[in-house]
Amino acid sequence: MNIEDAQLAVDSWIKEHGVRYFNELTNLAQLTEEVGEVARIIARRYGEQSEKESDKNKDLGEELADVVFVVLCLANQTGINLQEAFDKKMDLKTKRDHDRHHNNKKLK
């Protein structure tokens with residue numbers, strides 16, 4: 001599924017299962033919450049913090065999908081074609097950063 005299809009799928013889900021989109025500020029707060037859950041898993045599983053027993057069964061993929069879902073909601077309700085925006089960003093990063101990372105001594 002490409003990003004445009006994902007945006008349509010989220011919009012259809014909201015129309016079928018939700019009452020409406022949460023407002024943009026509520027979705028921003030929800031996005032922050034979901035990113036926090038991703039950060040918690042990564043900090044404990046891959047970082048230096050110890051992982052609590054209650055966190056060991058947390059699914060990082062599911063939490064990342066929650067982030068994507070809320071981002072798609074925000075794009076839909078603000079009229080952003082995220083496929084176009086992402087393609088444009090990838091083109092920009094490719095042109096801007098191609099040699100930058102190859103020349104970074106810290107990455108060798």
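Tutor: We may begin with a term: a nonpolar core is a set of buried Ala, Val, Leu, Ile, Met, Phe, Trp, Tyr and Cys residues joined through side-chain atoms within 4.5 Å. Buried means under 20% relative accessible area, exposed over 50%, and partly exposed in between (1.4 Å probe, protein chains only).

Student: Which residues make up the largest nonpolar core?

Tutor: Seven residues form it: Leu-31, Val-38, Ile-41, Leu-60, Val-67, Val-70 and Leu-74. Helix H2 (24-45) and H3 are the elements that give two or more residues to this core, and H3 gives the most, with four. Helices here are DSSP runs of H or I with at least four residues, numbered from the N terminus.

Student: What does a second, separate core include?

Tutor: That core has six residues, among them Val-10, Ile-14, Tyr-21 and Leu-72.

Student: Before going on, what kind of model is this?

Tutor: The model is predicted: local features need pLDDT of at least 70 and side-chain atom pairs count only at pLDDT 80 or more, while totals for chains, interfaces and linings use all residues. Residues are numbered from 1 along each chain as its sequence is written, and side-chain values use heavy atoms, with hydrogens and water left out.

Student: What pLDDT does the protein average?

Tutor: The average is 94, and 100% of the residues score at least 70; pLDDT is the predictor's confidence in each residue, from 0 to 100.

Student: Now the helices. At what angle do H1 and H3 cross?

Tutor: The axes of H1 (residues 3-17) and H3 (residues 60-77) cross at roughly 85 degrees and come within 9 Å. The axes are lines fitted to C-alpha atoms, for helices over the stretch in contact, with angles from 0 to 180 degrees between N-to-C directions. H1 and H3 are therefore roughly perpendicular, a label for angles of 65 to 115 degrees.

Student: Which residues meet there?

Tutor: From H1, they include Val-10, Trp-13 and Ile-14; from H3, they include Phe-69 and Leu-72. Contact means heavy atoms within 4.5 Å.

Student: Is Ser-50 buried or exposed?

Tutor: Ser-50 counts as exposed, at 61% relative accessibility. Ser-50 lies in the loop between H2 and H3.

Student: And where is Asp-87?

Tutor: Asp-87 is in helix H4 and is partly exposed, with a relative accessible area of 42%. The C-alpha atoms of Asp-87 and Ile-41 are separated by 29 Å.

Notes: Parallel < 35°, antiparallel > 145°, perpendicular 65-115°, else oblique.
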